[in-house]
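Hi,

Here is the structure I promised to send over. Have a look, and my notes follow below.

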Amino acid sequence: MSGIRKHHIEQILSNMRTTVQSIIGLVALLTLCSSGNAQDISMRYGFVGKHEDHALFVIDEGAPLKSGVRVKLNFEYPAGAWLYVCYLSSNGIYSLLFTSIAYRDISSLSLTSAQDTDAESVYGSLGWLTLDQNTGTETFFLIASVERLQVFEKLISNYDRANGKSRKRFAKRISQALENLPSQLAEAPNVQFVKRLEKPVIGGATFRELTDDGLSEHSLSHEATGTHIIHVAFTIDHQ
């Protein structure tokens, strides 16, 4: 009898341990899902080109463009997020073209956009840029984060002040930082997704000037979603 009872008790304890482990796993999963949903982030963006005859067109990733073509980057991101647009020119020079630091208060926005102080998202544009005679790969890094990337900001600041070999060292550090942006966050992100919209949408509420195919100089053609941070590298084959 004692052997049966001992076996029976051990079986009960084993079942209890299994049940407790299952409950703990379920709670951890629910907590992770809850945390992930709270930190989801998305942004929409679009590169619009303009030919010499002023005809507009959507620029796709890696598109070949000739010198003299005008390019305009539009973007829309959550009002509470941190947005950075970093540019690597075809001759290897980094520039921080935009940061949302100066625009944390939506009511003070001076971007080319129509804003509502109660808006959940911010629309902005870099304005028209013209491709010069320096051919090669032009790279735009679009970064949206739920947290401020102070390490990245410091690297850019140091790079701007540096000269010669010191500037080259900071350029390498910026390149490494861009390859591993999630490491700057307290919580590791999940996989991000980037897709081209079926049809471009218009950024800003009051823009109504459209071409026959529904394109505007304020169009957004791509959407990126992720958790905690989104980092998109968009290249142009400058020929």
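Before the details: this is a predicted model, where local features need pLDDT of at least 70, side-chain atom pairs count only at pLDDT 80 or more, and totals for chains, interfaces and linings use all residues. Residues are numbered from 1 along each chain as its sequence is written, and side-chain values use heavy atoms, with hydrogens and water left out.

I started with the strands. Helices (H or I, at least four residues) and strands (E, at least two) are DSSP runs, numbered from the N terminus. Strand β4 (residues 70–78) is mostly covered, with 7 of its 9 residues buried (under 20% relative accessible area; exposed is over 50%, partly exposed in between, with a 1.4 Å probe and protein chains only). β4 runs antiparallel to β1 (residues 40–50), joined by 7 bridges, and antiparallel to β7 (residues 121–130), joined by 8; strands pair if DSSP finds at least two bridges between them. Val-71 of β4 is the bridge partner of Gly-49, and its own partner in β7 is Leu-129.

Then there's helix α3 (residues 164–179). Phe-170, Ala-171, Ile-174, Ala-177 and Leu-178 are buried there. Seen down the helix axis, the buried residues of α3 fall within an arc of 125° (from the directions from the axis to the C-beta atoms), so they line one face. What covers them includes β6 (94–99), β8 (136–145) and α2 (150–161), where contact means heavy atoms within 4.5 Å. On the other side of α3, Lys-165, Lys-168, Lys-172, Gln-176 and Glu-179 are exposed.

Cheers
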